[in-house]
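Thanks for asking me to look this one over.

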Amino acid sequence: LKKGGESEYKESMDNMMITRKELATHRKEFKTTRWLEIKEMEERRVAVEEAAKRLEQEERIMFMDPKQREEPTLSLCVIKSWQQDPWEGSPWAASWVD
């Protein structure tokens, strides 16, 4: 009678240990997956913030009064304006192409 009880006890302990190991594995996988998701969200957030800062800086430069600018900044604005196509968006641009 004792030997039968010991084997059942050992079997239940083995099952419990296997279950604990499986749970630990699942928990580790979950933590790893969650960490990667958080890292990806953080990288996207930083990229969006950087893009917003760049856009804000470009808008600030575009809408500044040229008379109040210092010489290097004014030169940069002139260069940027030369790089743009003056006919872009113009109703006469299509007639020149045809």
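1. Arg45 and Glu49 pair through their side chains in a salt bridge, with N and O 2.5 Å apart. The term here covers a side-chain nitrogen of Lys or Arg within 4 Å of a carboxyl oxygen of Asp or Glu. The two residues sit 4 residues apart in helix α1, so about one helical turn separates them. Glu49 is partly exposed, at a relative accessible area of 38%; partly exposed lies between buried (under 20% relative accessible area) and exposed (over 50%), using a 1.4 Å probe and protein chains only.

2. Arg45 also has a salt bridge to Glu42, at 2.3 Å from N to O. Here the spacing in helix α1 is 3 residues, again about one helical turn. Arg45 is partly exposed with a relative accessible area of 39%, and Glu42 is likewise partly exposed at 38%.

3. What do the salt bridges that share partners join into one network? They link Glu42, Arg45 and Glu49.

4. Another pair to look at is Arg44 and Glu40, whose salt bridge brings the closest N and O atoms to 2.8 Å. They are 4 residues apart in helix α1, so about one helical turn lies between them. Both partners are partly exposed: Arg44 has a relative accessible area of 49%, and Glu40 has 43%. The structure holds 4 salt bridges in total.

5. A word on how to read these values. This is a predicted model, in which local features need pLDDT of at least 70 and side-chain atom pairs count only at pLDDT 80 or more, while totals for chains, interfaces and linings use all residues. Residues are numbered from 1 along each chain as its sequence is written, and side-chain values use heavy atoms, leaving out hydrogens and water.

6. How many helices and strands does the chain have? There are 3 helices and 0 strands, giving the pattern α-α-α along the sequence. These elements are DSSP runs numbered from the N terminus, with helices (H or I) of at least four residues and strands (E) of at least two.

7. Please keep the confidence in view. The chain averages a pLDDT (the predictor's confidence in each residue, from 0 to 100) of 77, and 59% of the residues score at least 70. Confidence is highest in helix α1 (residues 2-62), at a mean of 89, and lowest in helix α3 (residues 93-97), at 51. Where pLDDT is low, the predicted coordinates should not be read in detail.

8. Finally, the surface. Of the 98 residues, 3% count as buried. The chain exposes about 9,800 Å², with carbon and sulfur atoms supplying 59% of it; the areas come from the Shrake-Rupley method with a 1.4 Å probe, and for residues only the protein chains shown count as cover.
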